[in-house]
Every structure is written in structure tokens, then in C-alpha cells.
Amino acid sequence: MEKGQRSQGDARRRRVQRLKKMIVLSVLIWMIFPVGLCVALFGRIKALDRQLAESQSCQQQLLEQVAAVAARQEEEALRRQEDDMEQQSSPLERQEIMVSAPVAAADGQNGDLAVVEPDAAHKVYLTFDDGPSKYTEEILDILDTYDVKATFFVLGKESEYSIEMLQEIARRGHTIGMHSYSHKYAEIYRSVEDFSADFYQIYSYILENTGIQSTCYRFPGGSSNAISDIDMHVFADFLAEQEIEYFDWNVSSGDGGSVLLDVDTLVRNATSGIPGNGTSIILMHDAASRPTTVEALPRIIENILAMEDTAILPITDNTTPVHHIK
Ligand code: ZN
């Protein structure tokens, strides 16, 4: 009996001890688990922090790169604007010389604008915007070398040199067109009144310095420019009232962009579309920031002259215009 009671007491003690062990173990587990979890989470937070810092620095670099590109583009635009404006004195002096009724002309006043164009299947018109520039004389010499005539859509530049170049363009028999006096989009396209004032300025600038009553115009940015808030038809109608024809282009050399294109690209751009066109009006620039245009010009002309049934002509009153807006 005693023996039975002892063994019962032993068994209870063992159960109690087992229970104690289990309690201690589960307490330990419940303590270790959160600590472990905390350590793991802490590590994860650290890793995320590092990733965040890295991505922030990447983002910063990206923002800096974007800002640098934007700044470069802005500089480029400004430089081109300066090129356009170089050698130009106060336009206010010009404003006093406004012609009230400019366009009774058109009969052969612009060189020989009334000439009949030769009968070629492909007519090509080389046009140069934004001049005169330091390259004008070189361009004129190249055109002389190949005995071809072109069209210069000029700006109102008042330096002695610019006026001399303007007169030289006329003297060598090329067509002089208007490309606005100021080339400042924000001013020209602000209203019809502003456009008209600028128009008379460039019209009288050409007339006074060359005796030519220009009859053709190229809108800065083209008639399809996305800059003017006013419908471009309004300005086109104004020109039509003045009996001025405006000319866009259907072939672009691509030399007006923010990137200076190499000679091969300019030659390809300026010539590859010609065989498919009856009329090709090629956009190029006579501007101080466009040296590769001058370098490409001899090859452009040679390629065109080698094309079958193709003639290079200056714009005249008989030229079929290209309009970007209908
Ligand atoms: Zn221009």
C-alpha cells in the first residue's frame, strides 16, 4: 500500500516537473520568437532604407540629367536666337519707316520673279532661312560655282555686313523672301496687328536696301507651327490680302533642329525625297550655328543636278507653293 502511494507521488512529481519544463519552454519560445522577429524586421528595414537611399540618389541623378538636357536645349535655342539677332541693331529705328501700301509690285520687282519656269518633271527650290549670316557669302559662292539660283528668306538684320550680304543676294540674282523682321514667335504671332507691324518692317527693310518689293514669305516655324495661339489662317489671310504668297517646305534638310546634323545626313535628308516629287521646296538655314549646311551644300546640289529631268530654280511668282495648312 505504502509502495503504491510512493509511486503515485513520484508520478505526480514527474508530471509537475514536465509541466514546469513545458511552461518554461513555452515562455522561452514566446520570448525568443518576438525578439527574433524584431531582429529580422530590423534587418529588413535597414535593407529597405538602403534601397530607398539608392533609388533616391538614382532619382536625383535622373533629375539632374533631365535638368542638364533641358538647360542644354535652352542654351542651344538661345544661341540660335542670338545667331539670328547677331549684327542686328535697334529694330525701333526701323519702325519709323513703315510702308503703308506695300504691295502694288509683283511685276518683276524681285529680281526677275515673273519669269516662266522651265519645263522639268521635277522642280527643286533651295531655300535658306534666317540669314544673312556669316555663311551667306560662302553659300552664294557655292551657288555660283554650280550656276544655280536659290531663295533666301531673310530676317531684319541691320549691321553694315548684313545689309551688304542682302544686297549681294539680290545682285547675284537670287530671290529674296521675307521671314519676319524679328523672328520672335511670341511677338509676331501675338496678334494680327503685331504680325502686320513686323511684316511691314521686313518688307521695307528689303525694299530700302535692295529696291526689291518682295512677294514671298515664310512663316517662322512654318504655317503649321505649334507656337502661335492664333489660328495661322488669320496670318495667311493677312498675307493674301497683301498679295504675298507664303511658302512652306515639303523637303527638310533637318538643319533647323537642336542637334547639329552631319553632312551625310543633311545630304540624304535634302535629296532622297526629290525623285518622288513634282515640286520639292527644300528647307535649309543660312545661320551662324549651321556650318554643316554649308559643307553639305555642294553635294546636295551635285546630287540634284545628277537626277533625271530635274531643275533647280529660284522661287518666282509662277512657283507652285507648298502649304502646310489647308
Ligand atoms: Zn527661321
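The secondary structure of the protein chain comprises nine helices and eight strands, where helices (H or I, at least four residues) and strands (E, at least two) are DSSP runs numbered from the N terminus. This is a predicted model, in which local features need pLDDT of at least 70 and side-chain atom pairs count only at pLDDT 80 or more, while totals for chains, interfaces and linings use all residues. Residues are numbered from 1 along each chain as its sequence is written, and side-chain values use heavy atoms, with hydrogens and water left out.

Of the 326 residues in the protein chain, 42% are buried; buried means under 20% relative accessible area, exposed over 50%, and partly exposed in between (1.4 Å probe, protein chains only). Among contacts (heavy atoms within 4.5 Å) between residues at least 6 apart in sequence, 82% join residues at least 24 apart.

The zinc ion has as its protein donors Asp130 (OD), His179 (NE2) and His183 (NE2), lying 2.1 Å from it. Donors are N, O and S atoms within 2.8 Å of the metal (3.2 Å for Na, K and Ca); water is not among the atoms, so sites may look incomplete. Along the chain, the donors follow the spacing D-x48-H-x3-H. Aspartate 130 is buried at 8% relative accessibility, and histidine 179 is buried at 2%.

Histidine 183 is found in the loop between S3 and H5 and is buried, with a relative accessible area of 8%. Its phi is near 60°, a positive value in a residue other than glycine. In the loop between S1 and H3 lies proline 132, joined to glycine 131 by a cis peptide bond with omega of about -5°. Most residues other than glycine have a negative phi, and most peptide bonds are trans.

Helix H9 (residues 291-305) has a kink of about 40° at leucine 297, shortly before proline 298; the bend at a residue is the angle between axes fitted to the seven residues ending there and the seven starting there. The buried residues of H9 include Val294, Leu297, Ile301 and Ile304. Their cover includes S1, H3, helix H8 (263-271), strand S7 (279-285) and strand S8 (310-312). In the loop between H9 and S8 lies aspartate 309, which has a positive phi of about 50° although it is not a glycine. Aspartate 309 is partly exposed, with a relative accessible area of 47%.
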